[in-house]
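Reader: I am new to this structure. Please show me how to read its features, one at a time.

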Amino acid sequence: MKILLHLIKADLAMFLRGKLALFWTFAFPLLMLVMQMALFGQDVKLGPVSLAIVDLDRSTESSAYLRQLQAGLRQQHSVDFTPVTTPADSAAAQAEFVLTVPAGFAANVAAGRTTDIALRSGHGAGAAFDAAYGLLRGYSDAYNLNGLNAPPRVALPPPPAAAAQALDYRLFLVTGLAGMVILSTSLMGFAGPLVAAREGGMFRMYQLFPMPTGVVVAAWCVSRLLIVLAASLAMFVAAWGIYGVRISADGAQVAAAIAMLALGAGAFLALGLLIAAMTNSVTAATMFCNLLYFPLLFSGNLMVPLGGLPKLAREALDCLPLNAMMSSIRRGLTGGMGWSTDIYSVALLSAMLVACLALSARRFTWMPRS
């Protein structure tokens, strides 16, 4: 244990002396946080806003009202709606807005009574939701103007405030940047330097000391894991202090989210170790890291939500280790993590960690490869 701690300390000291590594690990994610907040605001919802319309009256009058709404929604371009008439227990549960026309709508119109149209917002609030409600309210008023001599036929109350555990863009962004740090540290900041050190003959001196190979490799992995956790903590502190990001979950859920982040970091560090063990040169290691880094950066649900993708594509991406890890971390920070929802993430990341370490042990060598 004493040797392991000395190696961890030495590796951390070596990392902290590298100004370029410090910039990309600590300063660059903070810069991205500031830029993304400046561009998109604190509560913006990216991607299309979906609208499910549930008609419980199924009358001529309710159909006329819904036609008025959908005709207007097709003509506007400020918010991307997807109006779908669905049963209340299917696609409506997945929509950001659910508009329900209650039974008895036609009878109220005939009697000159106003009907309150139920509007529910189930996925947060923000600029896009405010614009969506304004459009729905405007098209409802246009429907009322068809009968100026009668009382308003419909009234559209504002949707209730978002639940405390809703994931807003600020928390989405800071967790995504933590995922980006895991990727960059594991691939660019771990695999490449390991290959460079081996090819430069630095590893030869480790063979002079009476210690197992596993202790040296474990020290490298632990030091990079501490760096990932420190960089993630720095981003959360900055997001809390500058942008008022708050975590609504209790201590147990936050601890579970931190454990998931540590497990994911360990799995991707093991992947970086495997790349270092299997490549013969810095050029080859850099090529493999780039082939993994950039596709995962844009498909990992890190900084730009993937809600605009087709459902099949979203479900396929959710099966990837990075996406599963990010979903679990976000559920933990909003109080929704549990075995039933996150056992897949734990099993997938654990299997990735074990498999990459086992393969790395078989291929690892201290000497440069020809």
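Reader: Which residue meets Arg224 in a salt bridge?

Author: Start with the idea. Side chains of opposite charge can pair when their charged atoms come close. A salt bridge here is a side-chain nitrogen of Lys or Arg within 4 Å of a carboxyl oxygen of Asp or Glu. In this predicted model, the side chains of Arg224 and Asp11 meet in such a bridge, at 2.4 Å from N to O. The pair links distant parts of the chain: Arg224 sits in helix α7 and Asp11 in helix α1 (residues 2-16), 213 residues apart. Helices are DSSP runs (H or I, at least four residues), strands are too (E, at least two), and both are numbered from the N terminus.

Reader: What rules lie behind the numbering and the values?

Author: Residues are numbered from 1 along each chain as its sequence is written, and side-chain values use heavy atoms, with hydrogens and water left out. As the model is predicted, local features need pLDDT of at least 70 and side-chain atom pairs count only at pLDDT 80 or more, while totals for chains, interfaces and linings use all residues.

Reader: Is Arg224 buried or exposed?

Author: Use the cut-offs. Buried means under 20% relative accessible area, exposed means over 50%, and partly exposed lies in between (1.4 Å probe, protein chains only). Arg224 counts as buried because its relative accessibility is 9%. Asp11 is buried as well, with a relative accessible area of 9%.

Reader: Which residues are in contact with Arg224, leaving aside its neighbours within four places in sequence?

Author: Contact means heavy atoms within 4.5 Å. With those neighbours left aside, Arg224 is in contact with Asp11, Thr185, Gly189, Phe190 and Leu269.

Reader: How many salt bridges does the structure hold?

Author: The structure holds 3. One of them joins the side chains of Asp342 and Arg331, at 2.7 Å from N to O. This pair also links distant parts of the chain: Asp342 is in helix α12 (residues 339-363) and Arg331 in helix α11 (residues 321-333), 11 residues apart. Asp342 is buried, with a relative accessible area of 2%. Arg331 is partly exposed, at 26%. In another bridge, the side chains of Glu199 and Arg198 meet at 3.0 Å, N to O. Glu199 is partly exposed, with a relative accessible area of 27%. Arg198 is buried, at 3%.

Reader: Now the strands. Which residues of strand β5 are on its covered face?

Author: First the general idea. In a regular strand the side chains alternate between the two faces of the sheet. Strand β5 spans residues 118-121. Leu119 and Ser121 make up its covered face. Ala118 and Arg120 make up the uncovered one.

Reader: How many bridges join β3 to β5?

Author: Two strands pair if DSSP finds at least two bridges between them. Strand β3 (residues 97-101) is joined to β5 by 4 bridges, and the two run antiparallel. The bridge partner of Val98 in β5 is Arg120.

Reader: Which residues form a nonpolar patch on the surface?

Author: Take the rule first. Patches are made of residues with over 30% relative accessible area and no salt bridge; like charges are joined within 9 Å, and nonpolar side chains (Val, Leu, Ile, Met, Phe, Trp, Tyr) within 5 Å. Here the patch consists of Met14, Met202, Met205 and Phe209, with about 400 Å² of accessible area together. Accessible areas come from the Shrake-Rupley method with a 1.4 Å probe; for residues, only the protein chains shown count as cover. Phe209 lies in the loop between α6 (169-199) and α7 (213-243). Phe209 is partly exposed, with a relative accessible area of 48%.

Reader: What is phi of Arg58 near?

Author: Most residues other than glycine have a negative phi, and most peptide bonds are trans. Phi of Arg58 is near 50°, a positive value in a residue other than glycine. Arg58 is placed in the loop between β1 (49-55) and α3 (60-75). At 71% relative accessibility, Arg58 counts as exposed. Asn301 also has a positive phi, near 60°. Its loop runs between α9 (282-299) and α10 (311-318). Asn301 is buried, with a relative accessible area of 17%.

Reader: How many helices and strands does the chain have?

Author: The chain has 12 helices and 6 strands. Of its 370 residues, 44% count as buried.
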